[in-house]
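Please look through the sequence and the model below before reading on.

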Amino acid sequence: MALLIHIAGDSDLGIARGGLHPYERRRIQKGRLNELEELSDPEQIARRLLEMNYDVAVEEKRRGVDVNPDQEQSTPMEKAFQGLKELKKTGPLQVLIVGTADGEGGTERIARVLARQLKELRSRCSIELGDVTPLVLRSLAEKDWLVEMEQAMQDSAAEGEVILPIAGGSTAIVLGVAGAAIASGRDLSMLLAKLQPEQLHPRK
C-alpha cells in the first residue's frame, strides 16, 4: 500500500486569491470550513471538497470578495486523485493530511476537517482509500517537525512508496516532507497534479 501525503492549505477550500486582508481570509476560511464540517452526505461533501463549490461563496460575493481561482473547477486533492487514476495508481492508498498548528497562517483545522470528511467519500472517490489521518506540525520550521514526520512514515501501515502532490500547501513543508521520505528510505514520487497528470517523477 502506498502512502499519499497531502499538504493542507487554503486552496483545498477553493481560496486562491492573494492580497486579502488577514481578517477577511480568516472569515472566508471559517465560513467554508463550517459549511464543509457540518455535512454528512457524500455528494454534498464532494461538491465542496473536490469541486470547491460552496454555498457561502454567494455571501462572499455580496461583500465584494471572489476568491475562487479562474478557470478552475477542482481542488488540489481532486487533481491528485485524477492524476493517480490516469496513472492507474488507484490504490489502496493510505492518506496523511498535514497541517500546521493553529495561529497566524495555521492550517490545523483545515487538515482535520479534510481528513474527517475525506473518510466519508470512500464510496464516491475515484481512488481506493485506506486510513485517512491528520498530522499537525508545530510550525513551518523543518527543524521543529522533521523527526516527527519521519516517525509518522515509519508508523504508517503503508509500506509502499510515498506519493507527494506538489500542488497547493506550503512549499517549505512539501520540500521538508520530500526530504523526510528520502531519509526514511522510502521510494518517493512527486506528483505534478497541477500540470500533466502523467508527470509522476520517482525519487530514490
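How many of the residues of E1 are buried? E1 is mostly covered, with 6 of its 6 residues buried, where buried means under 20% relative accessible area, exposed over 50% and partly exposed in between (1.4 Å probe, protein chains only). This is a predicted model, in which local features need pLDDT of at least 70 and side-chain atom pairs count only at pLDDT 80 or more, while totals for chains, interfaces and linings use all residues. Residues are numbered from 1 along each chain as its sequence is written, and side-chain values use heavy atoms, leaving out hydrogens and water.

- Helices (H or I, at least four residues) and strands (E, at least two) are DSSP runs, numbered from the N terminus.
- On one side of E1, Ala2, Leu4 and His6 are buried, and on the other Leu3, Ile5 and Ile7 are buried.
- E1 and E2 run parallel and are joined by 6 bridges; two strands pair if DSSP finds at least two bridges between them.
- Opposite Leu3 stands Gln94 in E2.
- E1 also runs parallel to strand E4 (residues 162-165), with 2 bridges between them, and Leu4 has Ile163 as its bridge partner in E4.

**Nonpolar cores**

- A nonpolar core is a set of buried Ala, Val, Leu, Ile, Met, Phe, Trp, Tyr and Cys residues joined through side-chain atoms within 4.5 Å.
- The largest nonpolar core has 37 residues, of which Leu49, Phe81, Ile97, Leu114 and Leu118 touch the most other members.
- H5 provides the largest share of this core, 6 residues.
- A second, separate core of 22 residues includes Ile5, Ile7, Val162 and Leu188.

**The largest pocket**

- A pocket is an open set of points on a 1 Å grid over the protein atoms alone, where a 1.4 Å probe fits, with protein on both sides within 12 Å along at least five of seven lines; lining residues have an atom within 4 Å of a point.
- The largest pocket has a volume of about 500 Å³, the volume being the space filled by probe spheres set on the points.
- Its lining has 25 residues, and those closest to its centre are Asp10, Gln29, Gly105, Gly106 and Thr107.
- H1 gives the most to this lining, with 6 residues.

**Ser40**

- Ser40 lies in the loop between H1 and H2 and is exposed, with a relative accessible area of 60%.
- Ser40 and Glu120 are 80 residues apart in sequence and 7.4 Å apart in space, C-alpha to C-alpha.
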